[in-house]
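Dear colleague,

Here is the structure I promised to pass on. Please look it over first; my notes on what was found follow below.

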Amino acid sequence: MEATLGGETGIATVRVAIIPPEIVSFTSDKASIAPGESFTLSWEVTPPYTTLTLQPGDIDVLGDTNASGVGSRPIDPGPSENTDYQLVAVRGASATTTADQ
């Protein structure tokens, strides 16, 4: 907003923040595995979101997620050592949410 009166200018700025998507749940179907054994990660994210990725590996899982925000992805083969997985949900350019598994 800007207002001018008699050569003087006043400026006020309003910032509207984009709320990041909510990761409702992020789970694995197995708590532990043998090296290389497969398992499945599942999630529920509140839409809308522009990208959904699994880390490590920067795996795009948008196509593994339905319109309601529910998805899953088999990891096969599984890791050969202890690995922490993250689901990263992004809405727009600046609203990001991360969940650890």
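Phe 39 is buried, with a relative accessible area of 8% (buried means under 20%, exposed over 50% and partly exposed in between, with a 1.4 Å probe and protein chains only). Tyr 85 also counts as buried, at 9% relative accessibility.

Before going further, please note that this is a predicted model, in which local features need pLDDT of at least 70 and side-chain atom pairs count only at pLDDT 80 or more, while totals for chains, interfaces and linings use all residues. Residues are numbered from 1 along each chain as its sequence is written, and side-chain values use heavy atoms, with hydrogens and water left out.

As for confidence, the chain has an average pLDDT of 88, and 88% of the residues score at least 70 (pLDDT is the predictor's confidence in each residue, from 0 to 100). The lowest mean, 59, belongs to strand S1 (residues 2-5), and the highest, 97, to S4; strands (E, at least two residues) are DSSP runs, numbered from the N terminus.

The structure holds one aromatic pair, where rings of Phe, Tyr and Trp (its six-membered ring) pair if their centres lie within 6.5 Å, and planes under 30 degrees apart count as stacked, over 60 as edge-to-face and the rest as tilted. The ring centres of Phe 39 and Tyr 85 are 5.6 Å apart and their planes stand at 65 degrees, so this pair is edge-to-face. Because Phe 39 lies in strand S4 (residues 39-45) and Tyr 85 in the loop between strand S7 (70-75) and strand S8 (86-91), the pair ties together parts that are 46 residues apart in sequence.

S4 also belongs to an open sheet of three strands in the order S3-S4-S7, with antiparallel pairing (two strands pair if DSSP finds at least two bridges between them). Its edge strands, each pairing on one side only, are strand S3 (23-28) and S7. Five bridges join S3 to S4, and Ser 28 stands opposite Leu 41 in S4.

Finally, Thr 65 sits in the loop between strand S6 (59-60) and S7 and counts as buried at 12% relative accessibility. Its side chain makes a polar contact of 3.0 Å with that of Trp 43 (a pair of N or O atoms within 3.5 Å; within protein, one must be able to donate a hydrogen and the other to accept it, and residues adjacent in sequence count only if both atoms are side-chain atoms). A polar atom of the Thr 65 side chain also lies 2.8 Å from the backbone oxygen of Val 61.

With best wishes

Technical notes:
Helix = DSSP H or I, 4+ residues; strand = E, 2+ residues; numbered from the N terminus.
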